[in-house]
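Visitor: I have a model open on my screen and would like to learn how to read it. Could you walk me through a few features?

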Amino acid sequence: MELAEMAGLPLEPWQADALEHMLAFRSDEKWAAREYAELVGRQQGKALDVTTPLLTTAGWTTMGDVQPGQHVFHPDGFPTRVAAVSEVLTGRQCYRVTTTDGRTVVADAEHVWTVRDTRRRYSTGPRGASVRFTRWETLTTREIAKRGLHRSVRRTSSGSSTDYAFRVPRQHSLVSKPVDLPIDPWLFGAWLGDGGSTRAALTVGTTDLAEMKALVLETGAEIVSCARTGTAWSLRFRTGGFGAGLEAHAKRLGVWGNKHIPDVYLAAGTEQRLALLQGLLDTDGSIFVTTGSTRVEYTSCRRRLAQDVLMLVRSLGWRATLKESAAVLDGRRTGSRWRVCFTPETGEHLPFRLRRKADRVQDPNGRGHERFAVSIASVEPVESRPVRCIRVEAPDGLFLAGRGLLATHNSAGVGLPRALAGMLLLGEQLIMWSAHEVKTALEAHLALRLALERLGEDAGPNLIALDDGALLVKVINNNGYEGFELSTGQRMRFMARSKGAGRGFSGDLIVIDEAFAYTRQQQSAVAPTQLARPNPQTLYLSSPPLRGDVEEGKVLYALADRAAKGDSDGRLGFRDWGLVTSLDEVMGMAARDRAVFLDDRQNWAAALPALGRGRVSEESIAQLRAEMDERDFAREVLGCWPVQVTTDGRWQVIRKAAWLARGWADQQREPAEVWTDEVAMAIAMPPEQDWASIVVAGRSIDGELLVQVARYDRGSAWVLPEVLDLAERHPNAVFAINKRGPAGYLVAPLERAGVELLVPTELEAAHANQRFVRGVVDEPIIRHFDQESLDIAVKAAVKRPMGDGWTWLRRGDTDVSPVEAASLAVWAVEDLGGDVGPPLAVPSTGDHVGNGADLAYMGF
């Protein structure tokens with residue numbers, strides 16, 4: 001647990017408990033759980049002001065405008081995909097969070113941050129040789145404010161200085177691809193720094209003239225003239241032909257006579273942004289060297305330009321500050337100036353191309369790492385404003401927000417701490433992390449790299465030193481082969497799943513991330529890798545399967561089945577926090593009942609172990625409820641499993657042969673020869689009410705029950721006028737509706753219209769379904785017209801247990817309302833009872849057949 005916290009992967013109590021179960025040993029020093037599955041819903045939603053800028057790989061957007069599928073940036077500098085966004089939320093308690101270097105965002109009280117409280121120090125190791133350290137924690141905005149921000153206040157000769165307690169994660173240089181830019185970035189930066197506001201010319205000192213000429217020519221520009229102006233030189237240049245020169249491009253960018261850095265340059269590729277900064281600093285930057293310190297400073301009398309440079313410097317991974325002071329000329333104040341200051345070092349991006357400045361950059365002495373340290377300086381209540389949440393796919397949940405690129409947070413899982421323990425504590429020789437998609441595997445790799453960097457120190461390109469250099473970790477970033485290699489010979493590999501992925505390896509630990517999409521074929525590729533290992537373990541991390549009728553997820557169903565029956569060898573650990581109510585049951589509820597179920601706080605508490613016991617609040621779950629559709633919320637947050645479909649998902653309740661055997665072959669007989677006046681009609685709809693069924697059932701003169709779909713059509717607006725028309729034309733017929741189902745809203749208007757209704761109780765509705773199956777299979781008395789809509793519904797329908805009975809349940813997108821209505825219509829006919837009366841005397845019409853059925857034979 002200490003290792004996870006030191007690495008910035010703090011665990012909730014339930015996560016710590018899960019990790020203890022994963023790492024439990026038997027008496028023979030083998031894993032107590034050779035396989036361990038942890039299934040838990042998503043538990044947090046965190047909101048920022050909708051106006052908060054977000055840098056994406058496509059440029060700048062805001063929290064209010066960002067959409068799923070876009071890529072924002074992780075503090076490690078790499079992009080991470082936005083997986084979901086919420087609706088705009090209002091009425092939230094909000095705070096303005098500001099750091100010691102001036103970064104600021106407005107977040108709600110429940111927004112979560114990864115921080116390290118430097119006041120809370122821990123020690124490890126033997127007495128006399130112990131090492132003291134601080135731990136990373138995950139705290140809400142409210143918790144940070146409540147704990148207090150100050151570590152200490154020091155008195156100095158010039159006043160007082162405050163040490164702040166909460167450190168935030170380091171933000172690395174953003175890694176982005178080159179983009180098409182109209183002006184070479186170094187030349188554009190040089191012009192912004194020391195060029196004429198409305199001239200394609202640079203002002204250059206005599207010392208730098210020769211080198212600056214060479215640098216200009218390297219950009220492809222042409223030097224037009226070089227004339228002395230007082231103590232400096234005016235270097236005029238030309239880029240492109242007519243309409244493609246600096247002036248034309250600058251006007252299109254809006255910077256001609258209005259110097260600033262356009263967003264297209266601020267969001268450009270990594271090397272392009274570096275070149276832009278080098279141009280700015282070669283012309284208008286200064287470098288100051290003192291003992292053990294190098295400070296670079298950019299000064300401008302244009303506030304906007306200085307703010308742009310600040311963001312540019314931060315995008316390259318440096319901690320930078322912006323300071324305002326008086327601009328003085330000849331002893332008189334002429335306005336304000338703004339200074340951007342930061343500390344570089346050799347071995348990383350050099351902020352200069354001009355050699356006399358680049359040569360002065362030095363490595364800092366002593367606590368050089370402090371130049372990256374950023375702390376929270378203030379958390380101030382502000383007026384409530386619209387806020388919005390996003391969820392990113394990075395395993396540690398971190399992303400950068402605001403033009404200050406401030407690291408903010410979602411929550412991490414238990415997989416990364418388990419893998420870290422295997423590498424650093426257990427000596428596992430090969431750890432394999434298997435994800436459903438390539439990008440998820442890469443994000444896990446990046447998250448673990450960030451954790452390792454927190455534990456150690458930079459030892460060179462793609463090299464991390466741990467334990468004072470006793471252990472070296474090489475970071476592997478080859479395309480398709482990402483991972484880590486330790487100086488001990490241990491390895492960890494990250495891969496996307498495929499048929500053959502994993503063959504040829506021998507893994508001690510296999511982490512199956514996104515196990516909801518794990519197939520038996522993929523399992524066959526990975527499982528043999530552990531056969532030769534003395535004490536292997538497989539870890540499954542997931543939410544419930546997406547569907548119950550596809551190959552993906554069958555491994556999870558098999559694990560759940562083994563756990564339910566009691567694992568034969570006792571070496572399966574399986575913990576599912578989800579509700580016992582199936583996803584199909586939830587989606588089969590009436591809209592109002594489903595909303596009540598999904599909003600039930602007791603259901604939230606049962607499914608989410610951190611709610612009320614960790615730092616997850618009902619407010620944060622309400623955010624997720626707002627941002628997700630009902631099916632995803634039920635599955636991903638409440639952990640509701642879809643019902644597994646067997647026998648290829650078809651003909652589960654009524655077998656095909658039994659159903660076809662009850663088809664009515666004598667469909668050409670006249671109605672008067674077939675039907676009695678014991679007729680009932682039933683109405684049913686799917687939960688979405690995007691289709692509707694009206695089914696009629698009646699007794700034949702032979703004593704059997706005949707079932708026919710009267711109308712099956714898209715939408716539901718047509719149902720009420722259709723039923724009223726049928727009731728008027730058939731005054732002896734009764735109509736049945738399940739008041740608790742999606743069609744229940746029709747009961748009140750039909751009763752007001754005087755239509756005779758039969759409304760079953762919940763138990764009667766369940767028994768109606770059982771009676772329908774018996775009447776087809778066990779006690780054949782029901783016959784049906786051969787109609788596609790009814791055949792498809794019977795083929796696809798499955799059972800959903802309900803009290804002492806069951807109800808019909810659809811699988812996938814197939815609508816089963818025709819068989820629901822048929823069952824209800826049969827129940828209504830039998831409820832009528834009575835003697836067999838004369839045949840119906842009704843005209844034969846088929847004007848309103850929605851699915852092509854010929855209703856003439858029933859007189860409709």
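Visitor: Leaving aside neighbours within four places in sequence, which residues is Ala-682 in contact with?

Guide: Before that, a word on what you're looking at. This is a predicted model, where local features need pLDDT of at least 70 and side-chain atom pairs count only at pLDDT 80 or more, while totals for chains, interfaces and linings use all residues. Residues are numbered from 1 along each chain as its sequence is written, and side-chain values use heavy atoms, with hydrogens and water left out. Now, contact means heavy atoms within 4.5 Å. By that rule, Ala-682 touches Ser-693, Ile-694, Val-695, Ala-736, Ala-821, Leu-824 and Ala-825, with neighbours within four places in sequence left aside.

Visitor: Where is Ala-682 found, and is the residue buried or exposed?

Guide: Look in strand 34, residues 675–684. Helices (H or I, at least four residues) and strands (E, at least two) are DSSP runs, numbered from the N terminus. As for burial, buried means under 20% relative accessible area, exposed over 50%, and partly exposed in between, using a 1.4 Å probe and protein chains only. Ala-682 comes out at 0%, so it counts as buried.

Visitor: How do I read a sheet, and what is the strand order in the open sheet of 10 strands?

Guide: Strands of a sheet pair through backbone hydrogen bonds, either parallel or antiparallel. Two strands count as paired if DSSP finds at least two bridges between them. Here the order is 26-27-28-29-30-25-31-32-1-33, and the pairing is mixed. Strand 26 (457–458) and strand 33 (572–576) are at the edges with a single partner strand each, so one side of each has no neighbour in the sheet.

Visitor: What about a loop residue: where is Thr-239, and what does its side chain reach?

Guide: Thr-239 is in the loop between strand 16 (232–238) and helix 6 (246–253). For polar contacts, look for a pair of N or O atoms within 3.5 Å; within protein, one must be able to donate a hydrogen and the other to accept it, and residues adjacent in sequence count only if both atoms are side-chain atoms. The Thr-239 side chain reaches the backbone nitrogen of Leu-246 at 3.1 Å. Thr-239 is also buried, at a relative accessible area of 15%.
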